[in-house]
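This report describes selected features of a two-chain model.

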Amino acid sequence: MSFIAQAVPLEVPPIDYGAIAPLLIVLGMACISVLVEAFLPRHQRWPVQVALTLVTLVGAGLALGLYAGTGPDGITTLADAVAVDPPTLFLWGTLLALALGSVLLIADRSVEPGGAFLASAESRAAVVGVGGSRAGGVGRSAEERGYGSPDQAPTMQTEVFPFTLFALGGMMTFVAANDLLTMFIALEVLSLPLYLMCGLARRRRLLSQEAAVKYFLLGAFASAFFLYGLALIYGYAGTIRFPEIADSVVASPMSDALLLGGLALLVVGLMFKGSVGPFHTWTPDVYQGAPTPVTAFMAACTKVAAFGGILRVLHVAFGDSRWEWRGVLWAVAIASMAIGAVIGLTQTDVKRMVAYSSVAHAGFLLIGAMSITEQGVSGTLFYLLAYGFTTLAVFGVISLVRDADGEATHLSRWAGLAKRSPVLAAVMTFLLLALAGIPLTSGFTAKFAVFAAALEDGMAPLVVIALVASAVAAFFYIRVIVLMYFSEPAEDGPAVTVPGAFTTAAITLGVLITLVLGIVPTLALGWAGAGGFVG
Amino acid sequence: MTPTYYLLLSALLFSIGAVGVLVRRNAIVVFMCIELMLNAVNLTLVTFARINGQLDGQVMAFFVMVVAAAEVVVGLAIIMSIFRTRRTASVDDANLLKY
């Protein structure tokens with residue numbers, strides 16, 4: 001036993017519990033949520049899980065507000081693995097608010113009777129039984145065969161709530177990670193639940209499962225690239241902490257090929273998550289195949305998390321070597337905007353169209369993230385907040401337009417919708433105009449903030465290209481508006497479901513924030529510009 | 001034996017894995033190729049730990065192993081569920097999502 005006596009006692013690193021309380025609350029409650037799933041009888045799970053999830057999000061928000069209210073400086077804690085600085089606090093707040101809206105959409109059981117997610121085990125057996133058919137969806141009759149009485153609404157499986165909380169915890173860790181290994185673990189913690197959530201749809205099981213397989217295989221492929229990038233940068237710098245990587249960029253004796261190769265692979269992994277440019281191929285398929293509430297969560301929160309991570313990597317670790325990588329990222333941003341705007345024009349499915357719009361928006365966001373200035377950070381953060389809420393509300397609206405087979409996402413089904421439901425058409429019009437960036441919506445303010453930052457950092461040609469791309473992209477948003485208002489509705493057109501309280505609340509939240517950020521953006525811009533990264 | 005050889009070997013393994021992901025058709029084999037890529041990274045990390053004279057890289061390799069195990073759990077579950085409905089694990093047959 002002598003070797004134990006000789007061992008130096010491990011010094012436990014100090015932990016600032018106040019700063020990381022929101023993170024601990026979300027991850028801790030996610031574990032409790034798993035226990036609820038395991039031990040409560042089935043009929044009690046839904047109310048308990050919904051209440052638990054909402055309480056968690058509000059509680060984490062309160063903890064965040066209490067900490068941010070003291071006006072703290074940026075700190076690093078947990079042995080420098082996690083940095084809690086003003087951008088982190090802003091992104092945490094954004095993620096929690098967006099997750100609250102997404103959970104409201106996920107929890108809704110009025111739009112799709114029983115909820116949009118896989119029903120309990122006996123009904124799944126019925127679905128699997130007819131799954132041999134190659135059709136895109138499984139008929140309603142086959143689905144309902146599994147229940148005792150036809151009037152009894154099937155209960156949904158509630159695993160989706162712990163998945164949401166774990167994914168959210170991963171996203172919050174991802175934006176706060178101060179070294180590459182923490183970032184990689186967070187990337188997996190946020191991705192793995194998302195892969196599973198994609199496959200949980202109650203209707204159109206084949207599409208949903210196909211989306212899950214595609215997302216999983218491509219996502220795992222991309223994280224392998226991220227990891228190899230991590231290894232090469234570790235070889236170059238001898239460390240994986242962002243501030244120390246920044247120091248070693250000027251001093252390391254190793255070959256620059258390691259640094260540039262590592263950075264390139266790292267960026268590929270990050271761009272994949274943010275669905276930027278040529279790494280976007282999974283986006284339209286997964287957005288279309290996943291259950292719409294999950295798509296809303298993915299589109300809003302994953303984008304925020306991915307760009308939060310990209311900002312920190314580019315600004316803290318590689319800010320000083322920006323002349324090496326900026327040319328490549330120019331090409332990526334242009335490709336992303338062009339792909340999103342041009343291919344988006346040809347789409348016939350609303351969810352795919354919004355997916356390509358998100359690819360175009362990723363290009364705009366990348367322009368902001370490339371501007372290594374304080375305006376670049378605050379502009380990108382504000383853009384993420386604005387874009388997240390608009391997208392959330394868009395998917396909320398999409399989930400309401402339904403016919404006998406579930407959601408009617410084909411664009412032709414949306415013709416003349418304004419005559420059936422003027423309110424829904426007006427809300428959708430407002431949201432699409434916000435995505436296009438029309439003044440008096442948050443989209444305009446956000447684009448302005450990002451483009452102004454890029455101009456100031458000497459990227460005028462890129463801003464011109466971005467303006468052209470937003471003009472092209474505006475065309476396909478306006479096409480939907482024209483279709484809704486100036487076409488005759490089809491005889492057997494889809495009906496607009498009257499949403500329950502949860503979906504109404506989520507859509508109202510998204511629309512209100514889109515409007516408020518468009519009219520009085522000062523407050524949020526102030527929060528976004530409260531300070532830079534630590535380190 | 002210089003450590004550089006190990007770096008070359010790991011780069012080769014990583015490339016074999018990446019090419020395998022792109023050309024193979026069976027979802028399980030694609031997934032195995034991804035695992036090969038992750039293990040190539042482990043070799044790189046351990047070699048760099050040796051070159052830099054640190055333990056950090058070896059510790060990171062353990063983290064990667066744990067993450068790879070978690071990924072197997074989730075991945076095989078997803079592939080199983082699609083295999084049950086389609087009776088095939090070929091990624092070419094999953095072609096409903098396109099425009």
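## A helix pair in chain A

At roughly what angle do the axes of helix α4 and helix α16 of chain A cross? In this predicted model, the axes of α4 (residues 86–107) and α16 (residues 374–398) of chain A come within 10 Å and cross at roughly 0 degrees. Angles under 35 degrees count as roughly parallel; α4(A) and α16(A) are therefore roughly parallel to each other.

On the α4(A) side, the contact is made by Pro87(A), Phe90(A), Leu91(A), Thr94(A), Leu98(A), Gly101(A), Ser102(A) and Leu105(A). The α16(A) side contributes Val377(A), Leu381(A), Leu384(A), Leu385(A), Gly388(A), Phe389(A), Leu392(A) and Gly396(A). By class, the residues of this contact comprise 11 nonpolar and 5 polar, with no charged residues.

## A sheet in chain A

Chain A also contains an open sheet of 3 strands, arranged in the order β4-β3-β5 with antiparallel pairing. Its edge strands are β4 (406–407) and β5 (495–496) of chain A, each of which pairs on one side only.

Strand β3 (residues 401–403) of chain A is joined to β4(A) by 2 bridges, and the two strands run antiparallel. Arg402(A) has Glu407(A) of β4(A) as its bridge partner.

## The fold of chain B

Chain B has 3 helices and 0 strands, and its pattern along the sequence is α-α-α. The radius of gyration of chain B is 17 Å, whereas the globule rule gives 13 Å for 99 residues; the value is well over that figure, so chain B is more spread out than a compact globule. The C-alpha trace of chain B spans about 50 × 25 × 25 Å along its principal axes.

Of the 99 residues in chain B, 32% are buried. Among the contacts in chain B with a separation of 6 or more, 48% are between residues 24 or more positions apart.

Methods. Residues are numbered from 1 along each chain as its sequence is written. Chains are lettered from A and ligands numbered from 1 in the order in which they are written. This is a predicted model: local features need pLDDT of at least 70, side-chain atom pairs count only at pLDDT 80 or more; totals for chains, interfaces and linings use all residues. Axes are lines fitted to C-alpha atoms, for helices over the stretch in contact, and angles run from 0 to 180 degrees between N-to-C directions. Helices (H or I, at least four residues) and strands (E, at least two) are DSSP runs, numbered from the N terminus. Angles under 35 degrees count as roughly parallel, over 145 as roughly antiparallel, 65 to 115 as roughly perpendicular and the rest as oblique. Two residues are in contact if their C-beta atoms, placed from the backbone, lie within 7 Å. Ala, Val, Leu, Ile, Met, Phe, Trp, Tyr, Cys and Pro count as nonpolar, Asp, Glu, Lys and Arg as charged, and the others, Gly among them, as polar. The radius of gyration is taken over C-alpha atoms; the globule rule is 2.2 Å times the number of residues to the power 0.38. A residue is buried if 20 or more other C-beta atoms lie within 10 Å of its own, exposed if 12 or fewer, and partly exposed in between; C-beta atoms are placed from the backbone. Two strands pair if DSSP finds at least two bridges between them.
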